[in-house]
Each structure stands twice: as structure tokens, then as C-alpha cells.
Amino acid sequence: MPLNSLPPWPPSLPSSAHLQHLQTLAVTHALAHGFTHLPANPSDPPTHATAAPLSLFPSPFPRHLFELATEIQTVYNALYARIALDWGFLDRVMGGVAKVDSFQGELWRGWKAVREELVQPLQLGIFRSDYLLHSLSSLAPLELKQVEFNTISSSFGALSQKASETHRYLAKETDMFFDSSPYLSTFDNYPLNDALTSIAQGLAEGWAAYGRKDAVVLFVVQDGERNVFDQWALQYELMERHGIKTVRHTFSELDNLVQFDRNSKRIYLPDPLADLVQPREVAVIYYRSAYTPTDYPGPGEWSTRLLLERSRAIKCPSMALQLAGAKKVQQVLTEPGVLEDFLLSPDRPDVGFGKGAGAFTQEDVDNIRKTWIGLWPMDNSEAGQEGYRLAMTQSSRFVLKPQREGGGNNIYRSDIPQELKRLEQQQHQQQQYGARDVMPREAYILMELITPPDGVGNWLVRGGDNKARKADVVSELGVFGVALFGPEGVVNREAGFLMRTKGRESDEGGVAIGISSIDSPVLV
Ligand code: ADP
Ligand code: MG
Ligand code: MG
């Protein structure tokens, strides 16, 4: 049923003693179940962890929009699989970006250089499609609007499953949160979240498709990563439920470690107990790194990336799939006819998924398009000129985004015109003096701001901080998806969800960059 607003939130707590009690229960449950981060600069091996940021209450989310978001995930999975398989489309879109963005340029040129010689037909996608609620006015029905679609390093699957479990536990332990809201008093409203088990299963499916029982899954991680328990939970699940060994290495470390067999294109890694065990073959390469320029401090990392790409291991994601996740692709998809071409054209590869080429329907197309909000290029095309005019004259309606991941890169509202001017000046200087690493405005896209409904609050508990903070909040729902595909599709499923909640005053979200808390939805 359409809703115009969310119920008043959070439900009131009878006293400050109740708040204190709830917080103690929440943090203790979190610590006991690995809902944790490493502190900054941990010792090796680490000696302690802190609770990851958590909201005390689950946050309200309209049931029909939650169902829409989870139901269309398999269509989104298929869409992005088809994009990754369409070399012509990626060349047209990302080849253009490559000229103006040196990071995307390295990625696209690297992929182009190796793509003819790839021997592994399968690619693994662990995706997360992120949404905010959009409220045009207090009289209009709430809508579901997509923020972005992530194809690399989609994180917080494990911690989000644990946040859902902590909220369920609190509901049980406290008589459904002291009966303070009708929504909190029945478990029908707490959707089950299997993100951890389902994402681990995706990695296991990739491993099984590779077909070597002694091979391992390689986790490529960042130096100084604090969100390690979100990753380790997947590793434990792979071992305990599937009997699959994993190894973790930073991207830079791999340069010296990977052994590449030129004939078979199989790759091997020495075991940590190298004297005792033969090097282990790698079945799946799972990147929790390699998505941002700082992951590539020098040419060594780019050559490692290409070496791994050329190997027989199944990549999660492939370079093509990473390119498909660029924000520029998200913008081009909104151009007339592009979505129809990917979903409805009979010429598209039958990536399986139980729906052959052209087997998606107009309803699928409509459901996907419903989740989009205005996007403009920032180039010299007609649409780009219109985008530029809107950005300069009505900046309060927009966010300007470069082709980056990981949070903290966007430019909001009144900062946009001055940023666009700065880019023009830089470009001018580049033309005159040959300045390097300048991104002209074509490297950005312009996006209409999604405006979440107000009147929603929550208590946010930061790790290491023993005082919950009450704030007006905005919640971002992410839906995970797993796709294993090649010329034929093997797996396509929805794989649980993530809810992140941030103070309303903050434009940017992001748990890793210290802004959002992990949350779970309560359906209203
Ligand atoms: P990243 O890949 O760095 O996570 P996002 O596109 O997700 O980039 O933007 C980061 C954050 O900025 C989002 O989590 C969201 O909180 C906010 N944001 C992004 N786009 C919009 C938008 N169109 N309207 C409102 N907020 C947005
Ligand atoms: Mg992203
Ligand atoms: Mg994001």
C-alpha cells in the first residue's frame, strides 16, 4: 500500500534508565557476535576490537518498497551482467571516460589489452544496489530511488546480517522494545537477512564452478583495513559451511607472492606455513580493494591486477564488471532506449538466470526505471549542456559525482558551481602549462538529489563511545545480489540487504568513512 510518510520515530523510551539498559544489551550483543571493527593502528596480532556503529532501534521502511527493492535485484543482476559482456557498450561509454579520468583510463585500457586472451569464461558479481526513500511532498506517496549500483567490494553484508540479529534479539529480550510501537511488537515486520550466508554461498558457487577441490578463495584486502570482521565472517562461513580455505593478502603484497603458470594460466599462492605445504591454487579472487586510486600507489599494482585478470581464477569482479559499475554507466542507462536494449532485445546473450534473451518484460523495465532519478552527463552533448545549466543555476537540487567509489568524493548543492568553475580553470591551465592529472567536467555526472522523508529519528551508538546520540536520520537500503555468469548464466539471486542510517545533517553516507551506523529495517 502506498505511504505518504513514515510513522513518528523513534518510539519513546520510558526513562533514561531504559535507554542505558537497551544500549548495554545492544553493545554487549554486538561485541559477543563479532559486530566489530578493529581499532585504528591495531597491534599484530590484534588484542581487542570495538563494536561497529549501530542504531539502537531498527528504522521504519515501507513494506511494499522493500519488497520492490528485493524483487528487482535479479533483474539488476542480469542487467549488469549483460553490460559487462557488451564490449562495444563499455568501449563507447568507458572509453570516453578513460580520456578524462586517469584511474578509469588505466582500468579500461588494461582490460582492453588483456580481454582477447582471457581463458576463464565465468565472472562473479557480488553486487549491492543502494536506495533512499524519496518524498516529493507530504501528500505524495513515498518512492524508492536508486543512489548507485556497486559491482566491486560491496561491503557490510556480514555486519548487516548481525545488525538484524541484534535488533531481533533486543526485541525479544526487552518485550519487543517495551511495546513502544505497534511495528516493533511483531516479528512479521523484521525481515530475515541472510546477507552473510548468501554472499558466502556466492563465493562458494564460484569456487565450485572452478572445479578444483584443493583450491582456495583469495581475499584481496586493503592495508590498514578496520572493517576486517565483515570479511572474516565470510571466511569463517566458507570454511565452516562449505569446507573452503581462504587466504588474505593486501593488493600490494601479491606482486611478490603470486606464482603464475604460463601454460595453464593457473595461479598459486604460498601457504603461510610455506615449508610444510605446497603453494595453493586460487579458484576465486574476491576484491575488497583495488577500487580506488590509492589502492594503486604505483605501476606494480596495475601489473598485478592484469596478471590476476589473465589468470584462470574466477574474478569477483572482473575488470569489465568493475567498469560496468561506474557512475557514468548509471547515467548512460537512463538515456532513451538503453535499458530496453539491454533487457528486451533478443540479440542479448542468454545469460541464463531462467530467463532467456529477451525474456524480461516491459514490467521489469518499468520497475527498474521507477527507481531512477534525474541524471545528466557533464559533457558537450545537448544533455550535457542542459546539465551544466541546471548545475550552475539550480545547484541546490543536485549532487555532482566523479567516477569514484568508497565515499567522500561527491560535491553537493551550493559547492557545485564553484567546483565546476575550478575545473574549468584547471583545464585552462592544463592547456596552457600542461598540468597533469586534471579531470575536466566530462569526468563527472550530475544527479538530482533524493529527498528522504523527515520526522524520523533514532539513537545512534558509535563504537568505543558509551553515549548513544539521538539524531534526525536518513536510512539508505542496500540490496545485495549474486551473479555467476559467462556465455551462460549459472547463478542469479538476491542476497540479503544492508540498512545504513546517518544523521540528516550529513550529505554523504558511509560506515567506513565514519558517518553512518549499521541498522536494520522494520517494515511499516
Ligand atoms: P560511493 O560510491 O562513494 O558510495 P554514492 O553515489 O553512494 O558514492 O554517494 C555517497 C553517498 O552520498 C550516498 O551513500 C548518499 O548518502 C549520498 N548521495 C549520493 N547520491 C545522492 C542523491 N542523488 N541524493 C541524495 N543523497 C545522495
Ligand atoms: Mg559505490
Ligand atoms: Mg555508495
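S153 counts as buried because 24 C-beta neighbours sit inside 10 Å of it. The cut-offs behind that word: a residue is buried if 20 or more other C-beta atoms lie within 10 Å of its own, exposed if 12 or fewer, and partly exposed in between, with C-beta atoms placed from the backbone. S153 also has a phi near 55 degrees, a positive value in a residue other than glycine.

Everything here comes from a predicted model, where local features need pLDDT of at least 70, side-chain atom pairs count only at pLDDT 80 or more, and totals for chains, interfaces and linings use all residues. Residues are numbered from 1 along each chain as its sequence is written, while chains are lettered from A and ligands numbered from 1 in the order in which they are written.

- S153 is found in the loop between strand 6 and helix 6 (157-173). Helices (H or I, at least four residues) and strands (E, at least two) are DSSP runs, numbered from the N terminus.
- D175 is not a glycine either, yet has a positive phi of about 50 degrees. D175 is found in helix 7 (residues 175-178), and it counts as exposed because it has 11 C-beta neighbours inside 10 Å.
- W9 and P10 are joined by a cis peptide bond, with omega about 0 degrees. P10 is in the segment before helix 1 (16-32).
- D44 and P45 are also linked by a cis peptide bond, again with omega about 0 degrees. P45 belongs to the loop between strand 1 (36-37) and strand 2 (50-51).

**Two domains**

- The protein chain splits into domain 1 (16-373 + 450-523) and domain 2 (374-449); domain bounds come from an automatic or database domain assignment.
- Taken over C-alpha atoms, the domain 1 and domain 2 centres are 27 Å apart.
- On the contact side, 23 residues of domain 1 meet 21 residues of domain 2. Two residues are in contact if their C-beta atoms, placed from the backbone, lie within 7 Å.
- Helix 4 (87-100), helix 5 (102-114) and helix 13 (327-333) are the elements that give two or more residues to the side of domain 1 that touches domain 2. Helix 13 provides the largest share of that side, four residues.
- That side of domain 1 divides into nine nonpolar, nine polar and five charged residues. Ala, Val, Leu, Ile, Met, Phe, Trp, Tyr, Cys and Pro count as nonpolar, Asp, Glu, Lys and Arg as charged, and the others, Gly among them, as polar.

**Around ligand 1**

- Ligand 1 is surrounded by 17 residues, and the closest are E148, E405, L449, I450 and G509. To be near a molecule or strand, a residue needs its C-beta atom, placed from the backbone, within 6 Å of it.
- Strand 5 (123-134), strand 6 (143-150) and strand 14 (398-402) are the elements that give two or more residues to this shell.
- The shell around ligand 1 holds six nonpolar, five polar and six charged residues.
- Domain 1 and domain 2 each supply at least three residues to the shell around ligand 1.

**The nonpolar core**

- The largest nonpolar core has 143 residues, and V217 and V284 touch the most other members. A nonpolar core is a set of buried Ala, Val, Leu, Ile, Met, Phe, Trp, Tyr and Cys residues joined through C-beta atoms within 7 Å.
- Strand 18 (residues 469-485) gives this core its largest share, nine residues.
- Both domain 1 and domain 2 give residues to this core, so it lies between them.
- Not counting residues up to four places away in sequence, the residues V217 touches include W207, I244, V284 and Y286.

**Strands and pairing**

- Strand 11 (residues 280-287) is mostly covered, with six of its eight residues buried.
- Strand 7 (residues 216-221) pairs with strand 11 in the parallel sense over five bridges; two strands pair if DSSP finds at least two bridges between them.
- Strand 12 (residues 314-316) also pairs with strand 11 in the parallel sense, over three bridges, and V284 stands opposite I314 in strand 12.
- An open sheet of four strands has the order 13-16-14-15, with antiparallel pairing. Its edge strands, strand 13 and strand 15 (411-412), each pair on one side only.
- Strand 16 (residues 444-448) is mostly covered, since four of its five residues are buried.
- Strand 14 pairs with strand 16 over five bridges in the antiparallel sense, and K401 stands opposite I445 in strand 16.
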